[in-house]
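Please look over the sequence and the model shown here before reading on. The paragraphs that follow go through selected features, one after another.

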Amino acid sequence: MRLDRDTSPEADGPHVLVRTEGRAGFLTLNRPRALNALTHPMVLRIDEALTAWEDDPAVETVVVQGAGERGLCAGGDIRAIYEDARAGGTETLDFWRDEYRLNARIARFPKPYVAFMDGIVMGGGVGVSAHGSVRVVTERSRVAMPETGIGFVPDVGGTYLLSRAPGELGTHLALTGGQAGAADALLTGLADHFVPSEELPHLAEELTRAPAHEALARFERPAPPGRLAAARDWIDAAYAADTVEEIVDRLLDSGVPEAKETATTLLTRSPTALKVTLLALRRARLLDSLEAVLDMEFRLSHSALTSADLVEGIRAQVIDKDRDPHWTPPTLAEVTEADVARYFAERDLPKTR
């Protein structure tokens, strides 16, 4: 989810720039003043371009990138979700359904799908990049699923990706909403290759005339050191617990200052979102396909849309910006098994497949 908004339709021109050059098709998310936040028309335009290119022999590689200097994409239009949730509307569900279908399509796209994950890549930005077959990070990359901080749960296939990270690293990132730099994105399986940001224009040019694997071989470099590898011991030990309460206790008792700081961070997140996210990750590990996980996430998102925490979380972080959300219930101990089960209840919802 993003934290700012471009309020004027098409204020920066077409919000997805679509072009072909040489062997490549380029998709540029073009809302730089809004951190390239995704709208429903943008999702549909990307899908339309992929339909045209899938069987076009002239297009051998697809490249997705973000306009401006700040990043690829910081997620969806969070203010629109806030307004829709307050009004009891369904526009957000329509957006999510098509967005999740696009995420699945990207994952099974038959040609190299090269995502330039430069700068901020969060929420829906992860969905249009980290499911691709060729995922490129830079020294500027900040990859995150920050949903628990606004009373939401990781979506766009985020629980699929994070549940398959080594050990409990994905659980740590999902619950805290923490940002992964280049090395950590590579370690957790959110990315494949490191290329210095200044080389991305040259890599893009090379992709117009060479196969993706050949072009990448010319520009790929070792990533600078990350943080998560050195923290594996306390992360794996703490997040292997069965409940969020026990995770917090283990973090506090670990004797590691960073672990204690992490516990403090968790206690600022929506208690309900934390518990739902932990169960979603555990269930995602057992599901055999991205599509099955996306169907689960769609049910979770539907429930979150009608919850008090999503509206309150967006209010605190984005609308009023007081950074003081009043969660319902306010503590982990008060979130019941029934509260969590409600999110996973079967509903008569359209499939995201």
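**From a helix contact to the backbone**

Thr171 is found in helix α6. The model is a predicted one. Thr171 has a relative accessible area of 2% and is therefore buried, since a residue counts as buried when that value is under 20%. Leaving aside residues up to four places away in sequence, Thr171 touches Leu162, Tyr239, Leu278, Leu281 and Arg285.

Helix α6, residues 169–176, packs against helix α10, residues 232–239, at an angle of about 75°. The axes of α6 and α10 are 9 Å apart. The two helices are therefore roughly perpendicular to each other, because angles of 65 to 115 degrees are counted in that way. On the side of α6, the contact is made by Leu169, Thr171, His172, Leu175 and Thr176. Helix α10 contributes Arg232, Trp234, Ile235, Asp236 and Tyr239. Sorted by class, the residues in this contact of α6 with α10 are five nonpolar, three polar and two charged.

The next topic is aromatic rings. The structure holds two aromatic pairs. In one of them, the rings of Trp96 and Phe152 have centres 5.2 Å apart and planes at 15°, so this pair is stacked. Trp96 belongs to helix α3, residues 91–107, whereas Phe152 is in the loop between β8 (142–144) and α5 (158–163). Trp96 has a relative accessible area of 1% and is buried. Phe152, at 0% relative accessibility, also counts as buried.

The rings of Tyr100 and Phe298 have their centres 6.0 Å apart and their planes at 85°, so they form an edge-to-face pair. Because Tyr100 lies in helix α3 and Phe298 in helix α14 (residues 290–305), the pair ties together parts that are 198 residues apart in sequence. Both Tyr100 and Phe298 are buried.

Charged side chains also sit over rings. Arg19 lies over the face of Phe26, at 4.2 Å from the ring centre. Arg342 is placed over the face of Tyr343, at 4.8 Å from the ring centre.

The backbone comes last. Most residues other than glycine have a negative phi, and most peptide bonds are trans. Thr328 and Pro329, however, are joined by a cis peptide bond, with omega about -10°. Pro329 is in the loop between α15 (308–319) and α16 (337–344). Lys321 also has its place in the loop between α15 and α16. Although Lys321 is not a glycine, it has a positive phi of about 60°. With a relative accessible area of 46%, Lys321 is partly exposed.

A positive phi of about 60° is likewise found at Asn36, which is not a glycine. Asn36 is situated in the loop between β2 (24–29) and α1 (40–54). Is Asn36 buried or exposed? At 1% relative accessibility, Asn36 counts as buried.

Notes
Residues numbered from 1 in each chain as written. Predicted model: local features only at pLDDT ≥ 70, side-chain atom pairs only at ≥ 80, totals over all residues. Heavy atoms only, no water. Axes fitted to C-alpha atoms, helices over the stretch in contact; angles between N-to-C directions. Helix = DSSP H or I, 4+ residues; strand = E, 2+ residues; numbered from the N terminus. Parallel < 35°, antiparallel > 145°, perpendicular 65-115°, else oblique. Contact = heavy atoms within 4.5 Å. Nonpolar A, V, L, I, M, F, W, Y, C, P; charged D, E, K, R; others polar. Phe/Tyr/Trp six-rings, centres within 6.5 Å; stacked < 30°, edge-to-face > 60°. Buried < 20%, exposed > 50% of the residue type's maximum accessible area, 1.4 Å probe, protein only. Lys NZ or Arg CZ within 6 Å of the ring centre and 35° of its normal.
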